[in-house]
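Please read it with the coordinates open.

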Amino acid sequence: MAEQARDRNDSRLTERGRATRERILRAAADMMYVRGVSSTTLDEVRAASGTSKSQLYRHYPDKDALVRDVVALQAAELLKRQHQLLQRLNSLRGLERWRDVLVEHNALRNGAYGCPLGSLASELADQDEEARKALARHFDSWEGLLRTGLERMKDSGVLRSDADPGELATGLMAALQGGYLLAQTAQDVKPMRIALDMAIGHIKTYAASAEDASPPAGSPSGH
């Protein structure tokens, strides 16, 4: 309902109003990702976005409203990237390429800021029930992309019939989020790679043939 209300409000905005709102939202998303939600104030967002108080409060009357739109923005952009990476997942090599893309991207900042959604969840899950529910839906969508890829692998015979794509996808997501957290703490992506390697290693125990479980040849793809 809240998202529908925002859509209706957006439809009433002028092009200039939409641009102002986008500028505020982008500034808030960047600051909250780097500094955290609790350490980001509306005054700082206003200054970073180059907007007046009246402009800021016209679009976002309180911080909660802004935070919820930041959650929606981060989720939409992350899930779009993940869909591009996972929409054709059908092999263990593809799963390893997915791992490489995530680790290499996180290495650009030495793992300093963690997962855009995971970082928000760690702050908001016990503070904002609406945000918590939205984050849970977004994580479920992300996990669903993995689950669908694993189901394709099972259906095509890459994985054995006793493999449970749902459980394996949950394990992968848990390894990924734990890896993001350890990498953020250490400012080193090595723990993230180890966590994902172990999760993928477990999936390989369900491989239908030795060929499917062999290490990938050549360099990983990037995105």
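1. **Basis.** This is a predicted model: local features need pLDDT of at least 70, side-chain atom pairs count only at pLDDT 80 or more, and totals for chains, interfaces and linings use all residues. Residues are numbered from 1 along each chain as its sequence is written, and side-chain values use heavy atoms, with hydrogens and water left out.

2. **Overall make-up.** The chain has 11 helices and zero strands. Helices here are DSSP runs of H or I with at least four residues, strands are E runs of at least two, and numbering starts at the N terminus. Along the sequence the pattern reads α-α-α-α-α-α-α-α-α-α-α.

3. **Burial and surface.** Of the 223 residues in the chain, 43% are buried. Buried means under 20% relative accessible area, exposed over 50%, and partly exposed in between (1.4 Å probe, protein chains only). The chain exposes about 11800 Å², and carbon and sulfur atoms supply 50% of it. Those areas come from the Shrake-Rupley method with a 1.4 Å probe; for residues, only the protein chains shown count as cover.

4. **Contact range.** Take the contacts between residues at least 6 apart in sequence: 72% of them join residues at least 24 apart. Contact means heavy atoms within 4.5 Å.

5. **α7 against α8.** Helix α7 (residues 116-124) packs on helix α8 (residues 129-155) at about 150°, with the axes 10 Å apart. That makes α7 roughly antiparallel to α8. The cut-offs are under 35 degrees for roughly parallel, over 145 for roughly antiparallel, 65 to 115 for roughly perpendicular, and oblique for the rest. Axes are lines fitted to C-alpha atoms, for helices over the stretch in contact; angles run from 0 to 180 degrees between N-to-C directions. The crossing is left-handed, meaning the near helix is turned anticlockwise from the far one by less than a right angle; clockwise is right-handed.

6. **Who meets whom there.** From α7 come Leu117, Gly118, Leu120, Ala121 and Leu124; from α8 come Ala131, Leu135, His138, Phe139 and Trp142. The set divides into eight nonpolar, two polar and no charged. Nonpolar covers Ala, Val, Leu, Ile, Met, Phe, Trp, Tyr, Cys and Pro; charged covers Asp, Glu, Lys and Arg; the others, Gly among them, are polar.

7. **How enclosed is α7 by the rest of the structure?** Largely, because seven of its nine residues are buried. They are Pro116, Leu117, Gly118, Ser119, Leu120, Ala121 and Leu124. These buried residues pack against α2 (15-35), α5, α8 and α9.

8. **α6 against α9.** The axes of helix α6 (residues 92-107) and helix α9 (residues 165-186) come within 12 Å and cross at roughly 20°. The two are therefore roughly parallel. Their crossing is right-handed. Leu95, Trp98, Leu102 and Asn106 of α6 make the contact with Leu172, Leu176, Tyr180 and Ala183 of α9. The tally is seven nonpolar, one polar and no charged.

9. **Glutamine 82.** This residue lies in helix α5 (residues 63-86). Is it buried or exposed? Glutamine 82 is buried, with a relative accessible area of 3%. Leaving aside neighbours within four places in sequence, glutamine 82 contacts Trp98, Leu102, Trp142 and Leu145.

10. **Aspartate 64.** Helix α5 also holds aspartate 64. At 42% relative accessibility, aspartate 64 counts as partly exposed. Aspartate 64 and aspartate 128 are 64 residues apart in sequence, yet 8.2 Å apart in space, C-alpha to C-alpha.
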